[in-house]
Amino acid sequence: MSTSDQAEAYLRIDRLIKDFGSQDGSTYRAVDNISLDIRQGEIFALLGPSGCGKTSLLRMLGGFDLPSSGRIMLGGQDLAQLAPYQRPINMMFQSYALFPHLSVWDNIAFGLRREGLPKAEVATRVEAMLKLVQLGKFAQRKPHQLSGGQQQRVALARSLAKQPKLLLLDEPLGALDKKLREETQIELVNIVESVGVTCVMVTHDQEEAMAMASRIGIMSEGRILQVGTPREIYETPATRFVADFIGNVNLMDGTLAVDEPDHVEIDCADVRHYVGHGITGHEGMPVTVALRPEKIRISSKPPVLEAGDPPAPINQVKGRIKDMVYFGSDTLYHLKLASGAILKVTQSNTERHPDDNLSWEDEAYAWWSPSAHVVLTQ
Amino acid sequence: MAISKTPHLSWSARTVVGVPYLWLLLCFMLPFLIVLKISVSEMETVVFKDLITWTDGVLQLQLKLSNYLFITQDDLYFRTYLASLKYAAVTTALCLLIGYPFAYFMARASKAVQPGLLMMVMLPFWTSFLLRVYAWKGLLSEGGWVAQVLDALHVDQVLIALALIPGPGQYMNTPFSLVIGMVYTYLPFMILPLYANLSKMDMRLLEAASDLGATAWVAFWKVTVPLSRGGIVAGSMLVFIPCVGEFVIPELLGGPQTLMIGRVLWDEFFANNDWPMASSVAVVMILLILVPLALFNKAQSDAQEARR
Amino acid sequence: MSRAPKPILPAYQRRGQWLARAWLTAGFAFLYLPILALVVYSFNNSPLPTVWGGFTLQWFSKLAHDTEIIDGLWLSLKIAFCNATAAVLLGTLAAWALVKFKRFGGRTLMVGMVNAPLVMPEVIIGLSLLLMLVSMQRWLGFPERGMLTIWMGHLLVGMAYATVVIQARLQDLNPQLEEAAQDLGARPLQVFFLVTLPMIAQSLMSAWLLTFTLSLDDVVLAAFLSGPGSTTLPMVIFSRARLGLDPSVNAVATVVIGVVALAVVGGSYALARAERRRAQETAQAARA
């Protein structure tokens, strides 16, 4: 792709605000001053709980709602006030919104015909789309004659037919069952990447976002809390909310006891943490330690310390197993600590018949390495 | 035709709203205002004297309220209004009594049969109501099928006792024939909204009720009926309000005993040529149905809210 | 298509079923008895309408030469056709306005005006319209009472019915369909004609038929609003029925019932078949 293409496909959202007024006169701010840069060719996911404003943001990108203020710059042009049919952006709707009175072929051709293209070219492009989503044989069928997965592929083909500069996906896998979802995730990403279109998707499903997106933006209450790759979001969350929203996490509040450039120590209710890197802060500052369950090891026997590990009882706890959930590939333990707090630990079931068979009400030790924590100040 | 709130399309939006609005104002609102005006006007042959005149620098407003006074004072008008309300109420009650179980059983029938049942209810509805009312003339006249059956079952004795018919075998032109005619005509108007409401009811609610210990009878009164309230109101208003002003059925099936206000209006207009009087009668009729009308409006907009 | 075996119901449910069947049968008998009587007696060969005198077709042959009825029918059909078409047009606009625009000045009034003709006694509508038309005639010199004025009255009521029917369908429409059309480059007018209209087409048809039938059947409005020489079929029937029982009316009834029955049954059957086919196709697709 040429550099000029790169500059054009780059989407910049600039201080976008959306206020909704209700009949009693109060206003509700759905999107609160969001600024975001989307790179060309990437799949960017907006992830957040219901009501966080992600759908409002997506609809403003598509043109179905007008922002109260702010700009949406695509290719140097501010689109914020343009109608949907004036934007080089296409959307795949959550309900697919396939026109029930038109065949698959006509559904895909719909957008192309609006452009006034000659019949031959419309036909070529529709055929190309059908081939892309592998629905050539179903071209003459009507939407109600297709399965859910097939309908989704038609919706995708229809939204890609016009070769938009930006593709919007609204909860793309929401309507599918689990098995179909896993297959479709991969397929969808492959198709989008083979076409090379820049994509913004909205979802409340973490797995979907993590599996499909190259970068994720976590949203809550109309604001973006963190933007990063799936790994960055998971392993280095910026706030309590992000840490708690993505995956499972143990959050322990404490105070900064030792503040050195190469390590810090944090006093929490049940344990003293030794973190193997420095943080910006000062002694006595309240912080939260985020510890992922899979980074903790658990055993009925006390941990064997290796060279360089801080002495016990740093980065170690002892507790009683209050709950266990066997998931097949791993097991989740709820370890009740002295203060009454619950520590969540997951362990991969690498052995079919483990020697150390933990059960309810057993006493167990949990420990982790100095690199396992994330220290949060927000 | 702005679908989203895009401001640059409002002129076409205004047309879409404006055209039907204008039509309604012209043909609905304006006539009512005119009726109102005429009801308080003095009428000289066919010309109405102006209400407001400017004579010698003095603005004069002449409102002839004598028509209204006449209505409130004259026994005939009062009794006729009362009778109309009474017959409308009785018809509504009977339609509800017969129509609710009907709609209920239709809604509970198997899914395969329901469209057929619906069609069978719609068929009389699509057939001219005038002809069907006329049919009752034939059925209740001497020698008519229904008349013969009623004679055979000695129902006429019961009806005489209830003062619904004047004598044995005289079923026509009585309160009895009138009510039968009205119930017959308006029954589909009660059944259809009720059916629409009941057929959309989630059957699992009744299963839940049963699971929590309710018998079928209790579940009916505590779950089904409250949920169908919207349909009951809609159906009742669809029957009651038009019945108050019914003209054709009392004319064909009613008699001297069953004078209704629709007939009074007609006579004032066509027979007596007293347009102001007819207008006054109309205005009072409108006032009478104002409350049910508001109820109906509310039921309609509630139903629309529920659909969203 | 195999049927699932009938479940064995407990006693109280069986009683309920019996009651249901009885009530429905009695109800339908009540509804159809007069219709049956009308048809039977149209073949009655007897001067006394309630005494059966043998089978005859004389009333039907007389009907063919009955100019009053034929003229009335022709007029009624013309009015009904124009009325239905105009009612659907106006009704679509009104329904669109009410569904798409949630807030505009005077909306409540419009809702009231749209709904009121549904229930308003026809004598009131007839009287008020007539008085307005008379005033208009004195001020502007037109319109003369006749076909046009009857049509106006029918349109007022017809539009109310059409709006209700179309509004219901419009409201159920998935808004994402219209958004998708816009997203794909269709301007608002194109969206309406390419997407919305095909999807509400069936309700437009229903509204048309409904208003057509109502117009064909109305007697009160026509009586108020007609002029010399414009006598509709219901008016003819009404004046005859007022005088007593008349076999020519029975003959008309039989013809009307025949046509309506054919249309309703045929239409319902076609719809049901299309529905069934659609359900089958959807089920097949889901299994595939």
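Reply: Happy to! A word on domains comes first: their bounds come from an automatic or database domain assignment. This is a predicted model, in which local features need pLDDT of at least 70 and side-chain atom pairs count only at pLDDT 80 or more, while totals for chains, interfaces and linings use all residues. Residues are numbered from 1 along each chain as its sequence is written, and chains are lettered from A and ligands numbered from 1 in the order in which they are written.

Let us look closely at chain B. Domain 1 of chain B covers 7-61, and domain 2 of chain B covers 74-307. Between the C-alpha centres of these two domains there are 34 Å. Where they meet, 6 residues of domain 1 of chain B are in contact with 6 residues of domain 2 of chain B (two residues are in contact if their C-beta atoms, placed from the backbone, lie within 7 Å). On the domain 1 side of this meeting, α1(B) gives the most, with 4 residues. Sorted by class, that side has 4 nonpolar, 2 polar and no charged residues (Ala, Val, Leu, Ile, Met, Phe, Trp, Tyr, Cys and Pro count as nonpolar, Asp, Glu, Lys and Arg as charged, and the others, Gly among them, as polar).

Now step back to the whole of chain B. You can find 14 helices and 4 strands in chain B (helices, H or I and at least four residues, and strands, E and at least two, are DSSP runs numbered from the N terminus). Its C-alpha trace spans about 85 × 70 × 35 Å along the principal axes. The radius of gyration of chain B is 25 Å, whereas a compact globule of 308 residues would have one near 19 Å (the radius is taken over C-alpha atoms, and the globule rule is 2.2 Å times the number of residues to the power 0.38). Of the 308 residues of chain B, 43% count as buried (buried means 20 or more other C-beta atoms within 10 Å of a residue's own, exposed means 12 or fewer, and partly exposed lies in between, with C-beta atoms placed from the backbone). Take the contacts in chain B between residues at least 6 apart in sequence: 67% of them join residues at least 24 apart.

B:Trp11 has its place in helix α1 of chain B. B:Trp11 counts as exposed because 8 other C-beta atoms lie within 10 Å. From the C-alpha atom of B:Trp11 to that of B:Leu123, 112 residues apart along the chain, the separation is 43 Å.

Next, see how chain B meets a neighbour. Chain B puts 80 residues into its contact with chain C, and chain C puts in 71 residues. Several helices give two or more residues to the chain B side, among them α1 (10-39), α3 (75-108) and α14 (275-307) of chain B. The largest share of that side, 17 residues, comes from α1(B). By class, the side of chain B that touches chain C has 59 nonpolar, 13 polar and 8 charged residues.

How confident is the prediction on the neighbour's side? Chain C has a mean pLDDT of 87, and 94% of its residues reach 70 or more (pLDDT is the predictor's confidence in each residue, from 0 to 100). Within chain C, confidence is highest in helix α7 (residues 175-183), at 94, and lowest in helix α4 (residues 107-119), at a mean of 84. The model as a whole scores ipTM 0.85 and pTM 0.85.

The contact between them takes 4 residues from domain 1 of chain A and 5 residues from domain 2 of chain A. In chain A, 4 strands form an open antiparallel sheet in the order β2-β1-β4-β5 (two strands pair if DSSP finds at least two bridges between them). The edge strands of that sheet are β2 (27-38) and β5 (77-78) of chain A, each pairing on one side only. Strand β4 (residues 69-74) of chain A pairs with β5(A) over 2 bridges, and the partner of A:Leu74 in β5(A) is A:Gln77.
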